Amino acid sequence: AQFPFHFWLPSAMEAPTPVSTYLHSATMVKAGVYLLARLNPILGDTLAWTASLVGFGATTMLVGGVLALYQTDLKRILAYTTVSALGTLVLLLGVGGEAAIKAAVVFLLAHALYKGALFMVAGAIDHETGTRNVERLGGLRHAMPVTAGIAVLAAVSLSGLGPVLSFIAKELLFETVIEVEWLGWALGAAAVLASGLFVLAALMVTVRPFFGARLAMPKTPHEPPPSMWLGPALLSVAGLVAGLVPELIEQTVAAASSAVVGRPAVVDLYLWHGLNLALGMTGASAVLGISLYRSWGALRQRTSWVERALGFWPSDAYRLSLDGVNHLARSLTRALQSGYLRQYLVIILVATVGLVGATLVTKHGTPLTLAWTDLRFYEPVLAALMLLAAIYVVVAPGRLSAVAALGIVGYGVALIYILYGAPDLAMTQILVETLTVLLFVLAFHHLPRFQNLSTSLGRARDALIALGVGGLMTALVLAATATPPESRLAGFFAENSKPLAYGNNIVNVILVDFRALDTFGEITVLSIAAFGVYALLKLGRRQRHARYDERRLRPAGLHGVLQRRWRSRKGTRA
C-alpha cells in the first residue's frame, strides 16, 4: 500500500468492522512490510534498496497523513493513518541498521494495538448511532462513557503523546531519521509533519464524536454491550502497559529485530529518553497537530486541490491503465483469436518464418552452397516438371485439376527416390500419393463449385507467405545437409540389422524391430482415425435414411397439415 498504489487500502472499507480491524492492524496490510523485513538481510544496505524504500516510504508517510485530514468517515480517517504508518515502517526498513529495525518493530507492535482498538471503537459508534461521519457526531461521552474512555486511551497511542508504547516508537523514529547522513534533516521534518497529522487524526476520532454539543443522529446512542468494548479495551490497556513497563516486550522485540538484522540484536527500551532533540520534535508535532485541528474546516475548504492531486489521480491513472490493458487484450484477441483457420495459419507461418529464419541467418549464416556441376540431364527436367505442376495447382480453374497437378508433384518425388536408389521409399510414396489423390477426388466431388473468394491483395500476401515458408524449408534442408552430423546410430543399425533382426533391409528393420513401439503407436493412431471416419460415414448414412423415411411417411395435402398441427398441440399440452 505504498504511494502511488495506496488507494486500494481506503477503498477496502466495505468489510465489516471486525474484518477491517484484523486486516488494517495485522495481517494483510503488514504482509508486504513483513516480506521487506525478511528480505532485509539479503537486500539491505544496497543503494537500490535504500533509495527505493526510503523514497517511497517517506512519500507514503506524508501522503497518508495529509489525506486523512480531508476525510470525514471514521474508518477512512483510520485507513489513511494506516497508510501513513505503513510508509513509516517501510522508511525505517530502508534506513536499515539495528536502531532503525528496532524502531520499526516497536512501531509495528504499537500500531497493531491502537489501530485495532480504534477500528472496533469506530464500529461500535456506527452500530449505536447509525453513522460514522464525524461532522454528524458529537457529545457521545454521556451516552457511551466506557467507549469514550477506550477511544481516548487508544487515541493517545495514535498521537504518541502519553506514557504509551507508541511514544517510545515515535522517539525511536525521530532518533533514527535525524542520524541519517544524507537528508537527515529532510527525513526529520517529514517525520514531524507526519506525527503532527497523527495528532490531528487522533483528535478527529475522539474529540469530534465524544465531546462538544450533542448532535442529531440516525439512531439514539447508548453504551454497547461488553462484547463490543472488551476487545478494544484490552488492546488499549496493552498499549499503555507496554509503554509503562517496556521490559515486558524487550525479548519479543529483540527476537524480531535479530531476525530482520541477521545477527543478534540487543534491545533496551525505556519510556523517558531525556531532554533531547527527539523530545523537542515530539512537542513540535503536538503543537502542529493541535493547530491543524483548530483550523480543520477552513483548511479542508481552501486546500481541496491537495486531495484531488494526491488522492484521485493515482486511482484514476490505475483505472486508465487497466482500461488500456483490457483494450489491448481485446484487440489482440480479435486479431489472434478470430475463429478463422486461414488467419491462424497466416499467424503461425509468419511467426515461424520470422523467428526460425532470423535464428538461422544470425547463428548459421545463409546456406547457399550448391554443386551445380554434378547435375544429370534428367534431374533439371524432373525438377522443372514438378515446379510447373506446383504452379498449376495455384492457378488451376477447378479442384480436380489442382488435385491432378498435386499428384504429378507427388509422383515426381517418387521418381526422385527411384533415381537415387530408394525403391522402398518410392513404393511408400506412390501408395500414399495414390490414396491421397483418390481421397481428395472423393471429398471434393461433394463440395460446391470452385470460386475465388479472396482479393488480389490477399492472394499476393498469401503468395509471399508461401514463398517465405518454402524458402525457409529449403534453407533448413540445405543447412542440415551442408554439415551432416556424426551419427552413432547409422553404424549400429548397419552392423546389427542382419545378426540381431535377421533383415537385409535396414529401413524395414528399424521400423518393425528397433522402433517397434513407435511404429505400433503410429498404427494405433491410424486405426483410431479409421474407426472415427467409419463412424462418421455411418452416422451420415443413417441420418440421410431417417430424413428419407420421414418424408416418405409424412401425410400429404391438407389432411397431413392438420394432422401435424394436432400432434404438435398435443405434445405442447403434454
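Let's start with S84, which lies in helix α4; helices here are DSSP runs of H or I with at least four residues, numbered from the N terminus. The model is a predicted one, where local features need pLDDT of at least 70 and side-chain atom pairs count only at pLDDT 80 or more, while totals for chains, interfaces and linings use all residues. Residues are numbered from 1 along each chain as its sequence is written, and side-chain values use heavy atoms, with hydrogens and water left out.

Back to S84: is it buried or exposed? At 0% relative accessibility, S84 counts as buried. The scale is simple: buried means under 20% relative accessible area, exposed means over 50%, and partly exposed is in between, using a 1.4 Å probe and protein chains only. Setting aside neighbours within four places in sequence, S84 touches T60, M61, G64, G65, A194 and F198, where contact means heavy atoms within 4.5 Å.

**The inside**

Now for the nonpolar cores. A core is a set of buried Ala, Val, Leu, Ile, Met, Phe, Trp, Tyr and Cys residues joined through side-chain atoms within 4.5 Å. The largest one has 87 residues, and L91, I125, L165, L200 and L269 have the most contacts inside it. Helix α5 (residues 97-129) gives the largest share of this core, 16 residues. There's also a second, separate core of 5 residues, including F3, L67, A68 and Y80. As for L200, its contacts beyond four places in sequence are L69, G289, L292, Y293 and W296.

Of its 33 residues, 24 are buried, so α5 is largely enclosed by the rest of the structure. Its end C-alpha atoms are 47 Å apart, which agrees with the 48 Å that its 33 residues should span at 1.5 Å a residue; the expected span is 1.5 Å times one less than the number of residues. Just after α5, G130 takes a positive phi of about 85 degrees.

**Charged pairs**

Side chains of opposite charge can pair when their charged atoms come close. A salt bridge is counted when a side-chain nitrogen of Lys or Arg is within 4 Å of a carboxyl oxygen of Asp or Glu, and the count comes to 4. Among them are these:

| Pair | N to O distance |
|---|---|
| R132 and D73 | 3.2 Å |
| R319 and D316 | 3.6 Å |
| D462 and R461 | 3.0 Å |

D73 is buried, with a relative accessible area of 19%. D73 and R132 also belong to a network of salt bridges with D126.

R319 and D316 are 3 residues apart in helix α13 (residues 304-336), so about one helical turn separates them. R319 is partly exposed at 47% relative accessible area, and D316 is partly exposed too, at 38%. In the last pair of the table, D462 is partly exposed at 33% and R461 is partly exposed at 46%.

**A patch on the surface**

Which residues form a nonpolar patch on the surface? They are L387, L388, I391, Y392, V394 and V395, with about 630 Å² of accessible area together. Nonpolar patches join Val, Leu, Ile, Met, Phe, Trp and Tyr side chains within 5 Å, from residues with over 30% relative accessible area and no salt bridge. Areas come from the Shrake-Rupley method with a 1.4 Å probe, and for residues only the protein chains shown count as cover. Y392 lies in helix α15 (residues 378-395), and is partly exposed with a relative accessible area of 37%.

Terms used
Patches are made of residues with over 30% relative accessible area and no salt bridge: like charges are joined within 9 Å, nonpolar side chains (Val, Leu, Ile, Met, Phe, Trp, Tyr) within 5 Å. Helices (H or I, at least four residues) and strands (E, at least two) are DSSP runs, numbered from the N terminus.
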